Amino acid sequence: MEARKISDDIIAAISTPIGTGGIGIVRMSGTGSLSLLKKIFKCNCNDFQSHHIYYGSIVDETENIIDEVLVNIMLAPKSYTREDVIEINCHGGLLCVQQILQLILNSGARLAEPGEFTKRAYLNGRLDLLQAEAVIDVINSKTNLSKQVAVNQLNGSLSNKINECLQMILDIIARIEAAIDYPDEYEIFDVSQEILNVSEKIKKLLDSADVGKIIHDGINIAIVGKPNVGKSSLLNNLAQKDSAIVTDIPGTTRDIICEYINIDGISAKILDTAGIHSTENVVENLGIEKAKLCAQNADIILLLFDWSREFDNDDKNLLSFYNSEKILFVVNKIDLPQKFFAPDNLQLIKISAKKNFGLDDLRKNIKKIVFGKNIFDKSNEVFVCNVRHKTALKNSYDSLMRALKTISDDLSIDLTVIDLRDAYDFLGEIIGQSVSDKITDEIFSKFCVGK
């Protein structure tokens, strides 16, 4: 990737979480970082080499020792930012790292903006924009699967696919323009099949987006039902801990309680809601309204019934509220004598949250809703997980389809080139070839300071 011009100033920030810990790291990057270090670092060595660690002390202007440290030196271009990078490993704790950072700032550096280290890696051509976005995805991963997909993206799996498509489109444009500019040497030919070939590759990436979004964002699952059907027990069972209070008193849960679980590599936010039923209690009604809104916004609803109680008007009303493909009908407490007889058209998943029966079957049915007809192969290293990427791919695909229509309508070949260039530019947005500073700034603003 072509390097972009950035400022030559030295940036610095704390790169470890604020608080008590074994080690704290203060990082700086930029031309002159090593010279700045020599002003504040005392050790038995004066001839510093790249990719070596040195033991010594950080001292202030009056030679007072702030802390004994290990300093990691990584000189350009073999560093995270492709600039001189210095990492000072000091004792963890709020005071040490802040004193060292302040000393660095007083010595000529400035405080880094959120994500500025990674932004410099991008601007200096070490990472493309897609890989830079993968950095924050690795940090924010909630499951092994989402982390692995992000790591693959950081290592260039998706970038390679995008670059392959970009090269294919560029080759088509070059051949057409050569035929236009030098008609005596090059013949204008039908490029429909070549456009189809690249559009199929883009379509395959687009088809991975639904599953990719699930891997990246996870899903919301709302447990809904009338009071005392075992919603809180089910939440506790799925979460494997006592998050919700469980009693025999109806209406114990009056607000939303949530927990996170891992379902075959997918992060799922489970929401226990207030029991939905007819009541004059003002507080209960507030909880019921929250429960209905929660269910409305959920990706999956677990509509829970009680095996030991008769199907009544409250159950009937619940069925009328929720009529969607995202609902699983679950009957709980099957360890008790049966009094529940549901309408014939309901496909019930039978469980006992208390006795831990039927939960594996419930998880399998959740996965069926999550993935639907999508072929989910964990060995597939390439998934589109980002809305920005999906939008750009869709725009590129649509431009290719317009190019094909231009050819089929026997319009000017110049119009085909315009559509192909649009397709190229949309793809280029994904890796940062053609993207506005506003979008770039927005992406890096989501990072923490120090990364």
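Q: In this predicted model, where buried means under 20% relative accessible area, is Gly230 buried or exposed?
A: The cut-off for buried is under 20% relative accessible area. Gly230 has 12% relative accessibility, so Gly230 counts as buried.

Q: Which residues does Gly230 contact, leaving aside neighbours within four places in sequence?
A: Gly230 sits in the loop between strand S8 (219–225) and helix H9 (231–239). Beyond its neighbours within four places, the contacts are Leu304, Asn332 and Lys333.

Q: Which backbone nitrogen does the side chain of Glu116 reach?
A: Glu116 belongs to helix H3 (residues 116–123). At 8% relative accessibility, Glu116 is buried. At 2.8 Å, its side chain reaches the backbone nitrogen of Glu113.

Q: How many residues apart are Asp9 and Arg110?
A: Their side chains form a salt bridge, 2.5 Å from N to O. The pair links distant parts of the chain: Asp9 lies in the segment before strand S1 (11–14) and Arg110 in strand S7 (residues 110–111), and the separation is 101 residues.

Q: Which helix holds both Lys203 and Asp207?
A: The side chains of Lys203 and Asp207 meet in a salt bridge at 2.9 Å, N to O. The two are four residues apart, about one turn of the helix, and that helix is H7 (residues 192–207).

Q: Is Asp360 buried or exposed?
A: Asp360 forms a salt bridge with Arg363, with the closest N and O atoms 3.2 Å apart. Both lie in helix H12 (residues 359–371). Exposed means over 50%. Asp360 has a relative accessible area of 56%, so Asp360 is exposed.

Definitions and conventions. Residues are numbered from 1 along each chain as its sequence is written. This is a predicted model: local features need pLDDT of at least 70, side-chain atom pairs count only at pLDDT 80 or more; totals for chains, interfaces and linings use all residues. Side-chain values use heavy atoms; hydrogens and water are left out. Buried means under 20% relative accessible area, exposed over 50%, partly exposed in between (1.4 Å probe, protein chains only). A polar contact is a pair of N or O atoms within 3.5 Å; within protein, one must be able to donate a hydrogen and the other to accept it, and residues adjacent in sequence count only if both atoms are side-chain atoms. Contact means heavy atoms within 4.5 Å. A salt bridge is a side-chain nitrogen of Lys or Arg within 4 Å of a carboxyl oxygen of Asp or Glu.
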